[in-house]
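Reader: I have a structure to read and would like to go through it by question and answer. Please show it.

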Amino acid sequence: ATAAALAKGNGGSRPACETCLGAGLKGSEIGPPIAGRLPTSMFRQMYGMQMGSRAGTGALMMKPMVAGLSQKDLIDLAAYVSEAVAATRDRYQRSEE
């Protein structure tokens, strides 16, 4: 699956990322802002959640979301998240023109 498709969720057990992380992945009451973070950091965090080495409250909420994703899926999602700020900024700038 593409990163964008993964981020939109599967309509079942894996909701869209924005459900918890807010519009544009800029954070919400439930989850932190992750848009624009370094892809290597995002991959390490998601991988740690998947493997159980990250076990805080937020990590436990994310564990089912990353379960079953391949390393390629995690890499693609990490890249997608890191580009989220630029994509949002580009859409906003185009609407201003």
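Reader: In which helix does Lys63 lie?
Author: This is a predicted model, in which local features need pLDDT of at least 70, side-chain atom pairs count only at pLDDT 80 or more, and totals for chains, interfaces and linings use all residues. Residues are numbered from 1 along each chain as its sequence is written, and side-chain values use heavy atoms, with hydrogens and water left out. Helices (H or I, at least four residues) and strands (E, at least two) are DSSP runs, numbered from the N terminus. On that basis, Lys63 belongs to helix α4.

Reader: How many helices and strands does the protein chain have?
Author: From the N terminus on, the elements run α-α-α-α-α. The count is five helices and zero strands.

Reader: Is Lys63 buried, partly exposed or exposed?
Author: Buried means under 20% relative accessible area, exposed over 50%, and partly exposed in between (1.4 Å probe, protein chains only). The relative accessible area of Lys63 is 33%. Lys63 is therefore partly exposed.

Reader: Which backbone oxygen does the side chain of Lys63 reach?
Author: A polar contact is a pair of N or O atoms within 3.5 Å; within protein, one must be able to donate a hydrogen and the other to accept it, and residues adjacent in sequence count only if both atoms are side-chain atoms. For the side chain of Lys63 the distance is 3.2 Å, and the backbone oxygen belongs to Gln50.

Reader: Which backbone oxygens does the side chain of Gln50 meet?
Author: Gln50 lies in helix α3, residues 39–51, and is buried, with a relative accessible area of 16%. A polar atom of its side chain lies 2.8 Å from the backbone oxygen of Leu69. At 2.7 Å, the side chain of Gln50 also reaches the backbone oxygen of Val66. The two oxygens are those of Leu69 and Val66.

Reader: Which residues of α4 does α3 meet?
Author: Contact means heavy atoms within 4.5 Å. From α3, the residues involved are Met46, Met49, Gln50 and Met51. Their partners in α4 are Ala59, Met62, Lys63 and Val66.

Reader: At what angle do α3 and α4 pack?
Author: Axes are lines fitted to C-alpha atoms, for helices over the stretch in contact, and angles run from 0 to 180 degrees between N-to-C directions. The axes of α3 and α4 (residues 57–66) are 8 Å apart, and the angle is about 90°. Angles under 35 degrees count as roughly parallel, over 145 as roughly antiparallel, 65 to 115 as roughly perpendicular and the rest as oblique. The angle is about 90°, which makes α3 roughly perpendicular to α4.

Reader: What is the phi of Leu25?
Author: Leu25 sits in the loop between α2 (17–21) and α3, and is buried with a relative accessible area of 4%. Most residues other than glycine have a negative phi. In Leu25 the value is positive, near 60°.
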